Amino acid sequence: MPARKPKVIVTRKLPDPVETRMRELFDAELNLSDEPMTRARLEDAVGRAEVLAPTITDKIDAELIAKAGDKLKLIANFGAGVDHIDVAAATARGIAVTNTPGVLTEDTADLTMALIMAVSRRIVEGVRAVEAGQFVGWTPTWMMGHRVTGKRLGIIGMGRIGQAVARRAKAFGLQIHYHNRKPVSPRIAEELEATYWESLDQMMARMDIITVHSPHTPATYHLLSARRLKLMQPHAILINTARGEIIDEQALADLLESRAIAGAGLDVFEFEPTINPKLLKLPNAVLLPHMGSATIEGRIDMGEKVIINIRTWMDGHKPPDRVLPQML
C-alpha cells in the first residue's frame, strides 16, 4: 500500500513543474487564481493543512498560528525571508518552519549590478527620453552619468548575496567595502580585497555606492534611518534588493528630491506593494517590482527546496532548511 500523502496547501501559484511534482508527491491544494489569500482563507488553510506552503505575501502571525489545527506540523515557506512568519509562535506550537536559502543568490546579485549600472548611467532615463521622442542626436553633455570603475562600493550585509555582489563588482573595477555583524574570513576578504567597517556610519559617509543585503529583523528595521542616509555624499547612490523596511523610505524620497544624494535603485519597498508617491515621480529613482528572484531557474529551484523540506519532514527527519527563533 502506498504511503499516505500529507495535506499540503499552497498559498500562491508556483511554476508548473513545481506544482506538478507537488501533486505527484502530496495531497496538494493549489491556488489556481494566484490571488493572495484573504485572512479568512488563511485561517481555513491552517485549520485543515498538515503543511502550509506560504510566500512573503502571507502574514503568518501569532494570531493566525493560534488558530492552526492540530494537524499542522510544518510551514514550508517559498522564499528565503521569513519576516512574515512568527517563527517563535510556530515553534512554541510544535510547528516547524523552513525556508529556501541559497537558490536566489546569483539572481539577486545580478539584479543588484543591473541597478548599479542603471542608476549610475541613467539608463532608465535614457529609455524614457527615447520613448518620448526627446532624442535628436548625440550631444557632448546630454544624459551624462557616472563611470563605475574605480568607485567605492559599500555592502551592508556580507552574507551569500553580499559576497556574490562583491565578486561581480570587483570584476567591474569597484573597490569593495562592507559592514557586517562580524568580518568575513581572511580567505574571503583577501579574495575580494574587501575592507571591513565596524562602524556603518563611517562607511556610509565614504562610499560612492551603498547596496543593502541584510535580512529584515527588528534590529535592521530602518537601519538606514533619516540620520544615517544624510551621511551619504551628494554624488552617492543607494541600491536595495533586500527588504524595504530596512530603509526609511520617506526620508530617502526627500533626499532624492532635494538631490542631497544622487540616485537610488530599489527593487523592494517599505509598504509593498504601495510605493511612496514621491518616489514614483523622481527621475533619479529606478524602481522595480520586487523581481530580484524572478528567473525561471531560480523559482523552480525554490520550489524544489520546498519539496525537499516537506519530504524530509514526511520521512521523520529534520528538514535541511529549518529556521529556529534563535537564528533570527
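Q: How many salt bridges does the count come to?
A: The count comes to 23 salt bridges. Keep in mind that this is a predicted model.

Q: Which residue does Asp34 meet in a salt bridge?
A: The side chain of Asp34 meets that of Arg12, at 3.1 Å from N to O. The pair links distant parts of the chain, 22 residues apart. Asp34 is in the loop between strand S2 (27-29) and helix H2 (39-48), and Arg12 is in the loop between strand S1 (7-10) and helix H1 (16-25).

Q: Why can such side chains pair?
A: Side chains of opposite charge can do so when their charged atoms come close.

Q: New topic. How is the chain divided?
A: There are two parts: domain 1 covers 7-102 + 295-327, and domain 2 covers 105-287. The contact takes 7 residues from domain 1 and 5 residues from domain 2.

Q: How far apart do the domain centres lie?
A: The C-alpha centres of domain 1 and domain 2 are 32 Å apart.

Q: And what area is buried between them?
A: About 530 Å² is buried between domain 1 and domain 2, with carbon and sulfur atoms giving 37% of that. On the side of domain 1, Asp83, Gly102 and Thr295 supply 68% of the area buried against domain 2, more than any other three residues.

Q: How many salt bridges are there across that interface?
A: The rule finds 1 salt bridge across the interface of domain 1 and domain 2. As for Asp83, its side chain meets that of Arg243 in a salt bridge, at 3.3 Å from N to O.

Q: What about polar contact there, how many residue pairs?
A: The rule finds 4 residue pairs in polar contact across the interface of domain 1 and domain 2, both residues being at pLDDT 80 or more. The residues on the side of domain 1 that touches domain 2 divide into 2 nonpolar, 4 polar and 1 charged.

Q: Back to the whole chain. How many helices and strands?
A: The secondary structure comes to 13 helices and 12 strands. The radius of gyration is 22 Å, close to the 20 Å that the globule rule gives for 328 residues, so the chain is as compact as a globular protein of that length. Along its principal axes, the C-alpha trace spans about 75 × 50 × 35 Å.

Q: Which peptide bond is cis?
A: The one from Glu272 to Pro273 is cis, with omega near 10 degrees. Pro273 is in the loop between strand S11 (263-266) and helix H12 (277-280).

Q: And what is phi of Met143?
A: Phi of Met143 is near 60 degrees, a positive value in a residue other than glycine. Met143 is in the loop between helix H6 (123-131) and strand S6 (152-156). Most residues other than glycine have a negative phi, and most peptide bonds are trans.

Notes
Residues numbered from 1 in each chain as written. Predicted model: local features only at pLDDT ≥ 70, side-chain atom pairs only at ≥ 80, totals over all residues. Heavy atoms only, no water. Domains from an automatic or database assignment. Contact = heavy atoms within 4.5 Å. Buried area = accessible area lost by both parts, 1.4 Å probe. Salt bridge = Lys/Arg side-chain N within 4 Å of Asp/Glu carboxyl O. Polar contact = N/O pair within 3.5 Å; in protein donor to acceptor, adjacent residues only side chain to side chain. Nonpolar A, V, L, I, M, F, W, Y, C, P; charged D, E, K, R; others polar. Helix = DSSP H or I, 4+ residues; strand = E, 2+ residues; numbered from the N terminus. Rg over C-alpha atoms; globule rule 2.2 N^0.38 Å.
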